[in-house]
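This briefing sets out selected features of the structure shown below, grouped by topic. It is intended to be read alongside the sequence and the coordinates.

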Amino acid sequence: MSAIAEGPAAGGHVGRALRRKEDPRLITGRARYLDDISQTGMLWAGFVRSPEANARIVSIDTSAAAELAGIHAVLTAEDLEGLQGPLPMAWVPPGVEVLNPEHWPLAKEAVKHVGEAVAVVVGEDRYAVIDATEAVAVEYESLPVVTDPETALAGPPFVHESLQTNKVHEWTLAGGDVEAGFAEADVIVERRVISHRIAGGPIEPRGVLADYRAGSLTVWSSTQVPHFVRLFLAVLLGMSEERVRVIAPEVGGGFGQKLQVYGEEIALAVISRQLGHPVKWVETRSENMMAAHQGRDQIATVRMGAKQDGKITAFHVQIIADLGAYNMLLTPLIPSLGAFVMGGCYKIPNVRTDIVGVFTNKTPTDAIRGAGRPEATHMVEVMIDQLAHELGIDRLELRRHNFIAPEDFPAAVATGVVYDSGNYAGSLARLMELIDLEEVEADKRRLREQGILRGVGFSTYTEICGLAPSRITGPAGVGVQAGLWESAMVRVHNTGAVTVYTGTSPHGQGLETTMAQIVADKLGVDPENVEVMHGDTGTGPEGRGTYGSRSTATGAESVARATNKVVDKVKAIVADKLEAAPEDIEVQNGTFAVRGSPDRGMTLAEVAGVAYIGDVPAGMEPGLEATQFYDPENFVFPFGAHACVVDVDEETGKVQVVRYVAVDDCGKPINPLLIGGQVHGGIAFGIGEALYEHVAYDEDGQLVTGTFVDYALPTAAELPSFETDRTVTPSPVNSLGAKGVGEAGTIAAGAAVTNAVIDALRPVGVDYINTPLTPMRVWQAIQQAKGGSQ
């Protein structure tokens, strides 16, 4: 249910809960994923991966594998011809030294984590190739392993001996004076907050097909960023960029894990050029768990200070970020993304985030759904509840007392960013209309008598998304070595049909539908007549891909602006033909007609016919298409209020989510149905992270959660039916008034679940617990509390 009307204004398509245009091919098995694609003469590749977490490579004997039937080549790092350099890392923050040891597609001399690729076998049959990888004999000399980031920071042993340190970098974002703020405080609460390591877990693991022929390279990859992959393929293979084409077919989930330039993509391109054959690799689930980048893994010392009346005076977070064994594309940047919203929804005058990045002998971390913002929100929202308990103030009243007021927007906050719009009290008020807190409290007392501990937790969040603007994120700002604008091209064909080329690269967000709705309204056509093309660097303008909840706020805005250019041209042509002023032409019932005279108009098809014949006003070019590059002036800041009700079994520690209510505000809705889908998926991801999911390594650096048997993902059986609603606070940043929503549920859910579990456990003496809230960990906390220790 929604608090606003689902229908569009003025009978248009924007605002309608339309079913996705993409769905028929996706749900009937007619879509083409990477594994569905093959080329004549194609060979298969399989990677030999290290079982050691830290070791020198003494020797690699490929002879037995090379002699097997159907095997064309077995290659090690030295055999990859024409490779111009190591894998990229794209964050160079001004004034900050970031240690960045070389990271190659195949390991040279040493391996630094379990799963690192050391050789690749290429042959005719997929399964014969996998068998052949087991015939490659690699001799290792084991080295000391470090998997705990705090131990690694103290060092030795060192992950990279040549560096003689495990510290990657130090980075700080501060506003105000936190020490002065703490001096002013009557109460200071300090906690050790852990954001444990998780996996992306896309339903489709990674895959690559590379085909080099006649001096040109085409690569199909299950990626979120085809244009970035093309750029680095060209650079690392020493090719001219226009000779490289990257295609992202249907992508079965990304969650940030496919926001990457992987060694497998580079290696297969090199091998295809070297052998003269198309080469394909499709990742297994166990490979994905050990070799694809992971997320989170932060240990934070968090302090929050406040006056006795609850006014927060200071917030300080000191983070040790476990980056794994190497820096990948954005590895060291990710923890910093949360720092920009470390004050949350609250008017906190003094905020400081200090981050230390650390190498360990684990798979590298990088962006996973939310990328730094779930960690930040978890710290803020859990500490709000801890502070409320310490002060004896109702936790919701404490939030209301510190919210940034609606009249203060745009709101410059202590971290240096400007929140675009917000009404935090309004979203919380709507949440409280949907959940009867008195009834929940009564249920808690009743269930307590049955040995069931019920708790309710809240999370009022804001996030920073719509990634861009380049002036802030780029080389002179945060330090990303790329502009994060977005592009679109809108083409009206002779018949009036419309094709949109977007630089974003969706993988489940429904952008083919939302973008079609926007274009259809502006051009007076049916969304079914608008085709949205994406994921192919050989069509449309240069793009930047899909991540950071940017596809609507940045990508769709570029589509809207390109369409506006087409509309201006259409109006000029119609005005010329009807002898009217262009400003008097408007869309009326599917035609561009003179205002007040709906019978005097032309359909889009009629206008296109004129444009392509060339019968256009003097000085106007023929044709009917336009391109737009859009770089916003600011980020967008969605927000909301979530509530979670859980039951905890006192005897087993098992946590059951019995109710989840979410009120989100992502600005003006384009398609409410798709908003609901994104929120549902995000909440499921967040609950899974809080209760079940945990990438774990033992002290020898061995991955102990290498399959979905060991790494527990939530299923429908573990989740209730989510209750979702929205408030609407348009963003002034873009003409659509839209904000992102793809990560909102994940950003909010972890803290809501954690606060609910702590609320449930307080009667038995547990006042604080870190995630993951598995039955064993919860049971242990209960037993420690009963034993008198915390």
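This is a predicted model: local features need pLDDT of at least 70, side-chain atom pairs count only at pLDDT 80 or more; totals for chains, interfaces and linings use all residues.

Leu 43 stands opposite Val 279 in E12.

- Strand E1 (residues 43–49) pairs with E12 in the parallel sense, over two bridges.
- Strand E9 (residues 207–213) runs antiparallel to E12, and four bridges join E9 to E12.
- Within E12, Trp 281 has Val 208 opposite it.
- In a regular strand, side chains alternate between the two faces of the sheet.
- Strand E12 (residues 279–282) has Val 279 and Trp 281 pointing one way, with Lys 280 and Val 282 pointing the other way. All of these residues are buried.

- The pairing of E18 with strand E26 (residues 639–649) is antiparallel and extends over 11 bridges. Tyr 461 has Gly 640 in E26 as its bridge partner.

**Helix H17 and its surroundings**

- Helix H17 (residues 604–613) has as its buried residues Leu 604, Val 607, Ala 608, Val 610 and Ala 611.
- Seen down the axis of H17, these buried residues fall within an arc of 160°, so they line one face of the helix.
- An α-helix has 3.6 residues a turn, so residues three or four places apart point the same way.
- The axes of H16 and H17 are 10 Å apart, and the two helices pack at an angle of about 85°. H16 is therefore roughly perpendicular to H17, given that angles of 65 to 115 degrees count as such.
- On the H16 side, this contact is made by Val 570, Ile 573, Val 574 and Lys 577. On the H17 side, it is made by Leu 604, Val 607, Val 610 and Ala 611.
- Gly 614 follows H17 and has a positive phi, near 100°.

**Cysteines**

- How many disulfides does the structure hold? The structure holds zero disulfides.
- Cys 345 is in no disulfide, and the nearest cysteine sulfur, that of Cys 465, is 13 Å away.
- Cys 345 counts as buried because its relative accessibility is 0%.
- For Cys 465, the closest cysteine sulfur is in Cys 666, at 9.3 Å, which is too far for a bond. The cut-off applied here is that the two sulfur atoms lie within 2.5 Å.
- Cys 465 is also buried, its relative accessible area being 0%.

- Most residues other than glycine have a negative phi, and most peptide bonds are trans.
- The peptide bond between Gly 155 and Pro 156 is cis, with omega about -10°. Pro 156 is placed in the loop between helix H4 (149–154) and strand E7 (167–175).
- A cis peptide bond also leads from Thr 771 to Pro 772, where omega is near 0°. Pro 772 is placed in the loop between helix H19 (744–761) and helix H20 (775–786).
- Arg 296 is a residue other than glycine with a positive phi, near 65°. Arg 296 belongs to strand E13 (residues 295–306) and is buried, with a relative accessible area of 6%.
- Asp 297, which lies in strand E13, also has a positive phi near 65°. At 10% relative accessibility, Asp 297 counts as buried, the limit for that term being under 20%.

Methods:
Residues are numbered from 1 along each chain as its sequence is written. Side-chain values use heavy atoms; hydrogens and water are left out. Buried means under 20% relative accessible area, exposed over 50%, partly exposed in between (1.4 Å probe, protein chains only). The arc is that of the directions from the helix axis to the C-beta atoms. Two strands pair if DSSP finds at least two bridges between them. Axes are lines fitted to C-alpha atoms, for helices over the stretch in contact, and angles run from 0 to 180 degrees between N-to-C directions. Angles under 35 degrees count as roughly parallel, over 145 as roughly antiparallel, 65 to 115 as roughly perpendicular and the rest as oblique. Contact means heavy atoms within 4.5 Å.
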